[in-house]
Amino acid sequence: MNISLLEPLGIDVSLIEQFAKQVEALGHTFTYYPTKTTDAEELIRRSKGQHIVMIANTPYPDRVVEASDDLAMIAVAFTGIDHVGLKACKQKGVEVLNCAGYSDRAVSELVIGLTLSLLRKIGEGDKAVRQGLTSAGLMGSEIGGKTVGIIGCGRIGFQTAKLFLAFGAKVLAYGRTPKAEQEKEGVVYTDLETLLKESDIVSLHLPNTPQTKGFLDKEKLALMKEGALFINCARGPIVDTKALAEVLNEGKITAALDVFDTEPPLASDYPLVTARQTLLTPHVAFLTKEAMVRRSVTEFDNVLSYLNGEVKNRCTF
């Protein structure tokens, strides 16, 4: 088989070279592209004649899948697969494998980091020192004793819940099916309305699917407490961007956002760039050195297992 890694994985090239040797030892060919592209024509060129393509979060739309006649499998070094042309994959019988779980710790730690930054006014404190000011106006607040609402308590949501519990917070969760393991740890399942009304901090952890698009709309956001914090390190399209910007500009809540309904760079007039009371990061929740190694190990194992007739981490869509 012909295998191509179409973009860098954020790891030392020596690890990619080791993988290449393993693939070639099995009698297959391997090509690595050290530059990322989002150009569909270039992706089609890179995918031509390839049986397996490996990507991370580069969009790989239906058009590219349709044009790749030999394509049998897409190995995605990412948890979500909403950037892949799944309609064309389904029509052509192309397998999609992912790397779920590699960034659980990274994402949950950023949620805590963003929360602490907002509660303790870390950015404002840095500016104050550099401007020769004092701590005046910088009194913060603690996580301990607050109520945290986790919307979507899957692997990342539960990891995040455990960190908040360690800080002494009360954790509410909303999900399709309450999990006994999580309840044993102290997570309390409730309905969405109660969670939004009672939580001081709301952290979103739903996947991006047709069913969850625009899930947090104007009506749901209006249920949040005055002064509550909203954290989104999941997916941008799950939230109604215009509605969120309006709530923020009204001054009712504060938000820390790592994801948007389009990938950064964002336009200067994008509603959340100009909204009040926001802390923004450019989709970095998954991006740690440790997570990049974990996902690469899983990605390589997915491909090698597939070449040996075993399919791991198959996605259903």
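1. Ser103 is found in the loop between β5 (95–97) and α5, where helices (H or I, at least four residues) and strands (E, at least two) are DSSP runs numbered from the N terminus. The model is a predicted one, in which local features need pLDDT of at least 70 and side-chain atom pairs count only at pLDDT 80 or more, while totals for chains, interfaces and linings use all residues. Residues are numbered from 1 along each chain as its sequence is written, and side-chain values use heavy atoms, with hydrogens and water left out.

2. Ser103 has a relative accessible area of 4% and is therefore buried (buried means under 20% relative accessible area, exposed over 50% and partly exposed in between, with a 1.4 Å probe and protein chains only). Leaving aside neighbours within four places in sequence, Ser103 is in contact (heavy atoms within 4.5 Å) with Thr79, Ile156, Phe286 and Ala291. The C-alpha atoms of Ser103 and Ala291 are separated by 5.4 Å, although the two residues are 188 residues apart along the chain.

3. Thr115 lies in helix α5 (residues 104–119) and is buried, its relative accessible area being 0%. Beyond its neighbours within four places in sequence, Thr115 is in contact with Ile143, Phe164, Ile201, Leu229 and Ile231.

4. Leu229 and Ile231 are buried on one side of strand β10 (residues 229–232), and Phe230 and Asn232 are buried on the other, so that both faces of the strand are covered. Strand β10 pairs in the parallel sense with strand β9 (residues 201–204) over four bridges, pairing being assigned if DSSP finds at least two bridges between two strands. Four bridges also join β10 to strand β11 (residues 254–257), and these two strands run parallel. Ile231 stands opposite Ser203 and also opposite Ala256 in β11.

5. The largest nonpolar core has 48 residues, of which Phe30, Met54, Tyr60, Ile74 and Val303 touch the most other members; such a core is a set of buried Ala, Val, Leu, Ile, Met, Phe, Trp, Tyr and Cys residues joined through side-chain atoms within 4.5 Å. Helix α13 (residues 289–307) gives the most to this core, with seven residues. A second, separate core of 29 residues includes Leu196, Phe215, Leu248 and Leu272.

6. Leaving aside neighbours within four places in sequence, the contacts of Phe30 include Ile3, Leu5, Ile16, Phe19 and Met54.

7. Leu15, whose place is in helix α1 (residues 13–25), counts as partly exposed because its relative accessibility is 30%.
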